[in-house]
Amino acid sequence: MGSPLSEFISSSEPFSYSKEFKPMNPEEFRDKAHKAVDFITDYYKNVETFPVLSQVQPGYLKNLLPETPPNTPESFDTILRDVQNVIIPGMTHWQSPNFFAYFPATISSAAFVGEMLCTCFNAVGFNWIASPAATELEMVVMDWLATMLHLPKSFMFSGSGGGVLQSTTSESILCTLVAARDRVLNEIGVEHVWKLVVYGSDQTHSTYKKACKLAGIDPRNIRSISTRVEDEFSLSPIALREVIEADLKEGLVPVYLCVTTGTTSTTAVDPIKELAEVASKYHIWVHVDAAYGGSACICPEYRHFLKGIEKVDSLSLSPHKWLLSYLDCCCLWIKSPKLFVDALSTNPEYLRNKHSESDSVVSYKDWQVGTGRRFKSLRLWFIIRSYGVENLQNHIRADIQMAITFEKLVRSDVKFEIVVPRRFSLVCFRLKQLNGFDSNCTEFVNKMLLERVNSTGQVYLTHTVVGGIYMLRFAVGATLTEERHVISAWELIKEMANTMVKVDS
Ligand SMILES: *Cc1c(COP(=O)(O)O)cnc(C)c1O
């Protein structure tokens with residue numbers, strides 16, 4: 001006895017606590033939540049006045065906050081004031097109408113309210129009985145969205161498949177890959193796991209490799225097939241077949257192909273139908289990653305990007321990118337829920353109940369990595385009901401229209417060029433290579449242009465390199481963006497370019 005720990009324990013024993021601390025006092029909540037809503041409303045109204053790209057240096061926050069936590073309560077107003085003074089300067093404002101970087105993270109008042117209700121219930125809907133509405137609404141909403149995308153019945157609960165809300169594309173790929181892996185290993189035996197090979201292109205999202213590693217695929221067996229500028233950076237079915245044949249000759253076992261509808265760098269679209277036809281000859285699981293581009297396919301005029309979808313095994317699409325849902329929300333549809341559940345189900349005693357035992361209900365814990373899950377379908381339900389399919393289609397069209405406006409402005413200036421064809425609302429462009437200058441020099445000038453434009457704080461855009469070409473990405477679609485913002489952004493880019501490059505006319 002006498003050690004610091006035993007003193008701590010014995011000294012804390014004599015106390016008894018009355019329950020005076022009430023973390024959820026409904027009336028106090030009303031008061032705070034109203035203040036928070038006012039704060040949020042003002043933020044959205046004023047977001048345009050902040051520098052889009054945060055101007056702080058690494059470590060800025062440490063110096064502004066105390067080293068130790070407060071022992072006694074601080075007022076809500078004090079904390080909210082610190083959000084304004086300390087947090088906001090360290091934010092890169094994704095909701096600014098002048099945010100054109102990466103892909104947009106779209107929002108809506110309907111989704112926000114749906115999110116509030118999801119948070120309100122805080123239900124942990126791992127199985128049906130844990131909140132029947134949470135499971136059943138998710139099933140309804142996933143079928144609704146499947147209908148909006150004209151997916152075949154084989155992906156719907158009203159047919160033989162079904163959908164689930166994941167957090168991210170990464171998890172969608174991981175879960176389907178594990179199902180595909182187990183389907184094959186059940187046939188050939190787990191000791192052959194080292195033989196499994198997976199396929200994608202050099203434009204497949206980087207998270208694919210991570211998912212493959214997590215799923216136990218030998219990193220040497222991850223094929224990243226080169227794309228070409230002539231194919232507009234889409235995956236060639238001929239190249240795919242060649243690589244598969246070479247692997248078969250080595251005694252390897254093809255297991256999974258990730259096809260992308262709208263790649264992250266340039267929104268290239270892989271030919272689903274042709275690739276699935278190749279893959280089906282070898283019994284390869286085909287997954288379509290339509291994280292960003294998939295949302296456009298709710299419009300009949302863009303549905304052709306999913307041509308051949310009936311031939312694949314799974315499809316994921318993230319409404320948190322382009323369909324007005326907040327983060328995080330990734331829809332995953334699969335054709336064979338049984339294979340999925342075989343790979344991912346758990347059956348602990350403490351979650352057993354007669355409904356789940358009877359197999360008459362979906363246990364969504366068997367469709368994802370974790371056990372606990374939020375009631376996220378509320379957000380999508382509010383979006384679809386509040387706006388209707390027609391307005392959601394018009395939202396996509398309006399963004400694409402603004403991207404077309406930007407594209408035309410770029411084309412109207414001889415110093416610039418569009419590098420790859422625009423398909424959705426992303427425009428990839430650059431300052432042209434001038435006579436007498438090499439590609440390094442062109443890259444340098446474009447990098448400098450990007451840096452100068454972003455350092456103004458007036459807009460934020462990002463870059464990529466594809467096929468060895470450095471290019472700027474202008475991604476239209478932040479929810480508050482209007483055409484005037486797109487035009488001002490172009491004026492700024494043009495002005496900066498004029499100070500850097502002179503072209504004789
Ligand atoms: C954004 C994106 C991803 C990554 O999605 P997460 O949900 O962040 O995992 C994957 N694939 C594509 C094509 C993307 O555009």
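This is a predicted model: local features need pLDDT of at least 70, side-chain atom pairs count only at pLDDT 80 or more; totals for chains, interfaces and linings use all residues.
Q: What does the side chain of lysine 32 meet in a salt bridge?

A: It meets the side chain of glutamate 28, with 2.7 Å from N to O.

Q: Is glutamate 28 buried, partly exposed or exposed?

A: Glutamate 28 counts as partly exposed because its relative accessibility is 34%.

Q: Where does lysine 447 lie relative to glutamate 443?

A: Both are in helix 14, residues 439–455, at a separation of 4 residues, about one turn of the helix.

Q: Which residues are linked in a network?

A: Glu48, Glu482 and Arg484 are linked in a network of salt bridges.

Q: Now a charge without a partner: what is the nearest side chain of opposite charge to lysine 321, and how far away is it?

A: It is aspartate 289, at 6.5 Å. Lysine 321 is buried yet has no salt bridge. A salt bridge needs a side-chain nitrogen of Lys or Arg within 4 Å of a carboxyl oxygen of Asp or Glu. Side chains of opposite charge can pair when their charged atoms come close.

Q: Where is lysine 321 found, and which residues does it touch?

A: Lysine 321 is found in helix 10. Leaving aside residues up to four places away in sequence, it touches Phe103, Pro104, Ala105, Thr106, Ala291 and Tyr292.

Q: Turning to the backbone, which residues does a cis peptide bond join?

A: It joins leucine 327 and aspartate 328, with omega of about -15°. Aspartate 328 is found in the loop between helix 10 (319–322) and strand 7 (330–334).

Q: What is the phi of tyrosine 102?

A: Tyrosine 102 has a positive phi of about 45°, although it is not a glycine. It lies in the loop between helix 3 (76–87) and helix 4 (109–121). Its relative accessibility is 37%, so tyrosine 102 counts as partly exposed.

Q: And what about the phi of asparagine 122?

A: Asparagine 122 has a positive phi of about 45° and is not a glycine. It is found in the loop between helix 4 and helix 5 (132–148). At 60% relative accessibility, asparagine 122 counts as exposed.

Q: How far apart are proline 70 and proline 421?

A: They are 351 residues apart in sequence and 55 Å apart in space, C-alpha to C-alpha. Proline 70 has its place in the loop between helix 2 and helix 3. With a relative accessible area of 51%, proline 70 is exposed.

Q: Let us step back to the whole chain. How many helices and strands are there?

A: The protein chain has 15 helices and 11 strands. Its radius of gyration is 26 Å, close to the 23 Å that the globule rule gives for 505 residues, so the chain is as compact as a globular protein of that length. The C-alpha atoms fill a box of roughly 85 × 60 × 55 Å along the principal axes.

Q: What share of the contacts joins residues at least 24 apart?

A: Among contacts between residues at least 6 apart in sequence, 75% join residues at least 24 apart.

Q: How many side chains are positive and how many negative?

A: The chain has 50 positive and 56 negative side chains, and the centres of the two sets lie 3 Å apart.

Notes:
Residues are numbered from 1 along each chain as its sequence is written. Side-chain values use heavy atoms; hydrogens and water are left out. Helices (H or I, at least four residues) and strands (E, at least two) are DSSP runs, numbered from the N terminus. The radius of gyration is taken over C-alpha atoms; the globule rule is 2.2 Å times the number of residues to the power 0.38. Contact means heavy atoms within 4.5 Å. Lys and Arg count as positive and Asp and Glu as negative; His and the chain ends are not counted. The place of a charge is taken as NZ of Lys, CZ of Arg, CG of Asp or CD of Glu. Buried means under 20% relative accessible area, exposed over 50%, partly exposed in between (1.4 Å probe, protein chains only).
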